[in-house]
Amino acid sequence: MTSGGSEPARPSGAGPRVVLGVSAGIAAYKVCELLRRLTESGHDVRVVPTADALRFVGEPTWAALSGHPVSTQVWDGVAGVPHVRLGQEADLVLVAPATADLLARAAHGLADDLLTNTLLTARCPVVFAPAMHTEMWEHPATRANVETLRSRGAIVVEPASGRLTGKDTGPGRLPDPAELFEVARRVLDRGARGAELDLAGRHVVVSAGGTREPLDPVRYLGNRSSGLQGYALARTAVARGATVTLVAGNVSLPDPAGAHVVPVGTAEEMREAVLAAAGDADAVVMAAAVADFRPADYRDSKIKKASGAEPEPIRLVKNPDILAELGRERRPGQVVVGFAAETDDVLANGRDKLARKGSDLLVVNQVGADLVFGRPDNAAVILGADGTSTEVPRGAKEALADVVWDLVAERCR
Ligand code: C5P
């Protein structure tokens with residue numbers, strides 16, 4: 001199957017070269033949006049569908065959106081040796097959706113169509129975004145194929161959970177195209193810098209956002225954390241090859257592709273979710289703003305203002321300190337990272353906190369009404385229990401996240 005002959009009139013961009021593999025899942029329709037984002041941001045994309053993928057989205061759509069001819073097999077344009085050239089020349093191969101069958105063929109090194117040939121010749125980063133029914137995703141055969149691909153250096157993005165084709169719900173959905181685009185962008189960026197997938201095979205837990213401690217059914221004590229820094233940590237960890245659990249307290253941001261998101265409300269719920277995920281984790285990064293105290297009494301019905309009477313004081317009790325508990329009870333080799341938001345005596349308070357909490361690293365930043373909360377940028381000093389101190393100048397929260405992972409990767413054993 002081919003859209004025929006020669007290259008299109010549209011000159012190919014000088015941007016990064018991406019091979020977008022598409023296998024035969026219904027989620028192929030979402031990948032048109034991903035393709036659009038890639039081309040509009042200057043990437044030169046060659047779409048390589050499997051033959052059956054064209055049952056879901058036809059060849060003219062891929063050809064028109066990519067500006068390149070589309071072929072599924074090795075017998076078109078043989079003079080250009082496309083089965084070797086596409087993979088060799090790519091800066092990134094991204095397969096979305098990756099079906100159970102495609103994962104199996106890739107894991108076993110089959111080369112029975114253009115996409116599987118391309119996967120064998122690619123020396124650039126390779127990302128698979130699986131999408132299938134939960135039973136197929138959880139089947140031991142698929143699990144083994146995913147492990148094989150990961151052990152060979154591919155990034156296999158965990159599918160999202162939610163409504164699948166038909167009436168069933170569970171893990172197996174293709175992540176949001178905008179979030180898959182973010183994975184592609186970050187992996188390309190790391191590839192261009194020659195950076196390794198240094199978190200491949202690692203499970204990391206990140207907490208993000210802020211907890212809310214209820215007073216009554218409509219009111220709570222909370223804080224101004226947006227979750228942006230924790231989400232940046234999760235996104236960058238996925239692009240470095242990690243399996244990521246993201247424990248999110250009251251965050252209204254889209255789920256990062258590839259992260260397993262566990263939504264929580266209170267500090268106690270966050271503790272339960274973090275400790276459960278930390279059981280087999282190589283690193284835990286507590287970026288969340290956890291309320292130190294919670295109201296001692298929860299009223300089942302809304303607290304009323306009695307006319308003329310003074311309001312009743314709110315009595316508080318201590319919440320568990322999750323970071324300190326992780327510091328005390330971590331599994332051997334686990335790296336524990338805390339955040340310290342300080343308004344005064346930033347460094348002195350940070351050093352003190354690092355010792356008290358028993359963390360390996362503490363990211364210390366100054367907060368204030370117009371600093372850090374809800375902003376896309378951050379600046380910090382990262383203190384190490386080994387006496388090191390790493391200054392991170394003001395920049396994107398993603399840049400700070402990458403420095404955190406650099407320091408974590410050095411310490412993971
Ligand atoms: O003591 P402080 O709240 O400043 O410490 C901040 C660090 O401790 C953050 O990493 C935060 O996620 C963590 N923390 C926690 N449990 C608490 C309070 C803070 O894990 N109850």
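Predicted model: local features only at pLDDT ≥ 70, side-chain atom pairs only at ≥ 80, totals over all residues.
Me: How is the protein divided into domains?
Reply: Domain bounds come from an automatic or database domain assignment. Here domain 1 covers 17-192 and domain 2 covers 203-412. Their C-alpha centres lie 34 Å apart.

Me: How should I read the area that the two domains bury between them?
Reply: The size of an interface is often given as the accessible area lost when the parts come together. The calculation uses a 1.4 Å probe and sums the loss over both parts. In this model, domain 1 and domain 2 bury about 1100 Å², 58% of it on carbon and sulfur atoms. E179, R186 and R190 supply 55% of the area that domain 1 buries against domain 2, more than any other three residues.

Me: How many residues of each domain are in contact?
Reply: Contact means heavy atoms within 4.5 Å. Twelve residues of domain 1 are in contact with 14 residues of domain 2.

Me: How many salt bridges are there between domain 1 and domain 2?
Reply: A salt bridge places a side-chain nitrogen of Lys or Arg within 4 Å of a carboxyl oxygen of Asp or Glu. The count between the two domains is four. Helix α8 (residues 177-192) gives the largest share of the side of domain 1 that touches domain 2, seven residues; helices are DSSP runs of H or I, at least four residues, and strands are runs of E, at least two, numbered from the N terminus.

Me: Which residues are closest to the ligand?
Reply: A residue counts as near a molecule if one of its heavy atoms lies within 4 Å of it. The ligand is surrounded by 13 residues, the closest being M286, A288, P320, L323 and K353. A side-chain N or O atom of K353 is 2.3 Å from a ligand oxygen atom. For L323, a polar backbone atom is 2.8 Å from an oxygen atom of the ligand.

Me: Which peptide bond is cis?
Reply: The bond from A96 to P97 is cis, with omega near -10 degrees. P97 is found in strand β3 (residues 92-98).

Conventions: Residues numbered from 1 in each chain as written. Heavy atoms only, no water. Polar contact = N/O pair within 3.5 Å; in protein donor to acceptor, adjacent residues only side chain to side chain.
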